[in-house]
Amino acid sequence: MSIRFYNTITRQKEAFQPLETGKVKMYTCGPTVYDYAHIGNYRTFIFEDLLRRYLEFRGFDVNQAMNLTDVDDNTIRRSRERDISLTELTDEFKAAFHADLKTLNMQAAQNYPEATNFIPQMINMISDLETKGYTYTTPDGSVFFNIGKYEQYGKLANLNPDEMLSGGRVADDSYEKEGARDFALWKGYKAEDGDVQWESPWGKGRPGWHIECSVMSTELLGPHFDIHCGGVDNIFPHHENELAQSVCATGADFVNYWLHSEYLLVDNKKMSKSLNNFYTLRDLLDQDYPAEAIRWMLITTHYRQKLNFSVSRLEEAQKAVNRLREFYSKLKAYDGSGEEDAEDQIRVADEQFTSAMDDDLNISGGLAAIFELVRWGNRSMVEGRLSATGANDLIILIRKFDHVLGVLDMESGLNVEIDADFIESKIADRNEARANKDFTTSDAIRDELVALGVELIDTPEGTKWKMK
RNA sequence: GGCGUGGUGCCCAAGUUGGUCUAAGGGAGUGGUUUGCAAAACCAUCAUUCGCCGGUUCGAAUCCGACCCACGCCUCCA
């Protein structure tokens, strides 16, 4: 069986066949670094992380590039509002983004290309397009891509260019382009751009938004690569335009599989900056929602399904993570000497997980396989049937699954100062009281620690504690 | 107006190239086991039903038609 992905451009699931056996080249659209990303943005990035991790689980060597847009209307406007340089602004949010990636336990991409580091290459590609006759220049020094020159335009988004005119905001556009749907490759300098400008064959200016991805993907992955991802809002116009530019400039096929993730909703409405209904990762961590609950919530609804965000979902997510974690620590602590191994269950779970995930990352099916194994494993431990070898094999399998899920070892991201020595001494006092059957005292100590957010768990191996 | 997605138990959600669905899995609830208590775990229970109506079929959550509802894209946006 092979992996199948839903390809946006053909609107159907297709067997995944990488260009080079065993290797996958993927380009994933990253953030525009003018502000903190919200968890709707992270839904997409974490989907990309899941995809990346699953491809690795299936043995592929993945080469991923995620771009950071550090020059565009938003970054320029924000830096001027704050009266700081563009670099000062974007450096701040690049750092915040990388910190968030770590908090959410996303695997680092091989490359995080930044738009401003590729200006000369962008100018080259635009010149190339100009030479080939796909562009025109306007009096203000801007260069536009003439979509009329590219017959396939609209194929990715399934839009007919001839019918797109009506809804356009032609009047709003301050550039003097010929066709309403043409898009900027290069934007001539305007006063609002402040000191953000580069020299080019067309005069001072800055790149259009779409050209950076065409250039950086080509530079890092070549003109033709396997997978390109982003949120569904990138399909049009961004990816459509990228596709047009790349194909026209390089003559190559560009991308084989386009994968797009659906929106994160709040009260059934798209989470977005403009509706002001967004939460940043920091907002949630500050409210003590652990990072692993956020990751789990974002990862466990199929990526092409809209996901309605709510606090109760975070709480459910946390419980599911806990169930998996409890199972894992029970396995590690297991000292039973039963006769039963776990070979059959492991094989079934592995097959079920893999075949579900092979089907366009059907995470629900994958989780069902895992939790069925968890229930079986718990029971066989309770009944003492499980052998030490069986427990060990289960540990290995759970770790293997966690390479995909990435939640077992996550830090919760709570900035709580914990005095471990103090808690340990309280536990010692309590156990002394328990040994003396002085349960009044032992319960008082438990309550005292609960008030501090510390939970005690009595196990055969002694008393353990954890936060919250 | 054009294009598209989704409506499954109390909540989330898989299944949607028809029969193995007498509908996975997670959460909540209820009863029980275990436990000094607590937590976790385990067992049992929890949709004759898949937005609504009609049709095709021996058989439909899955196919066809109509309808209702929600959301999205066509404009910066993950």
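The surface near RNA strand B (near: a heavy atom of the residue within 4 Å of the strand) has 22 charged, 20 polar and 15 nonpolar residues. Here Asp, Glu, Lys and Arg count as charged; Ala, Val, Leu, Ile, Met, Phe, Trp, Tyr, Cys and Pro as nonpolar; and the others, Gly among them, as polar. This is a predicted model: local features need pLDDT of at least 70, side-chain atom pairs count only at pLDDT 80 or more, and totals for chains, interfaces and linings use all residues. Residues are numbered from 1 along each chain as its sequence is written, chains are lettered from A in the order in which they are written, and side-chain values use heavy atoms, leaving out hydrogens and water.

**Around RNA strand B**
- 57 residues surround RNA strand B, and the closest are Trp209, Gly231, Asn234, Lys330 and Asp458.
- Sugar and phosphate make up 68% of the RNA strand B atoms that come within 4 Å of the protein.
- Helix 11 gives the most to this surface, with 9 residues.
- Helices (H or I, at least four residues) are DSSP runs, numbered from the N terminus.

**Side chains at the RNA**
- A polar side-chain atom of Lys270 lies 2.8 Å from a base nitrogen of RNA strand B.
- In the side chain of Glu316, an N or O atom is 3.0 Å from a base nitrogen of RNA strand B.
- For Glu372, a side-chain N or O atom is 3.0 Å from a sugar or linking oxygen of RNA strand B.

**Ile126**
- Ile126 is found in helix 4, residues 119-131.
- Ile126 and Gly338 are 69 Å apart, C-alpha to C-alpha.

Terms used:
Helix = DSSP H or I, 4+ residues; strand = E, 2+ residues; numbered from the N terminus. Polar contact = N/O pair within 3.5 Å; in protein donor to acceptor, adjacent residues only side chain to side chain.
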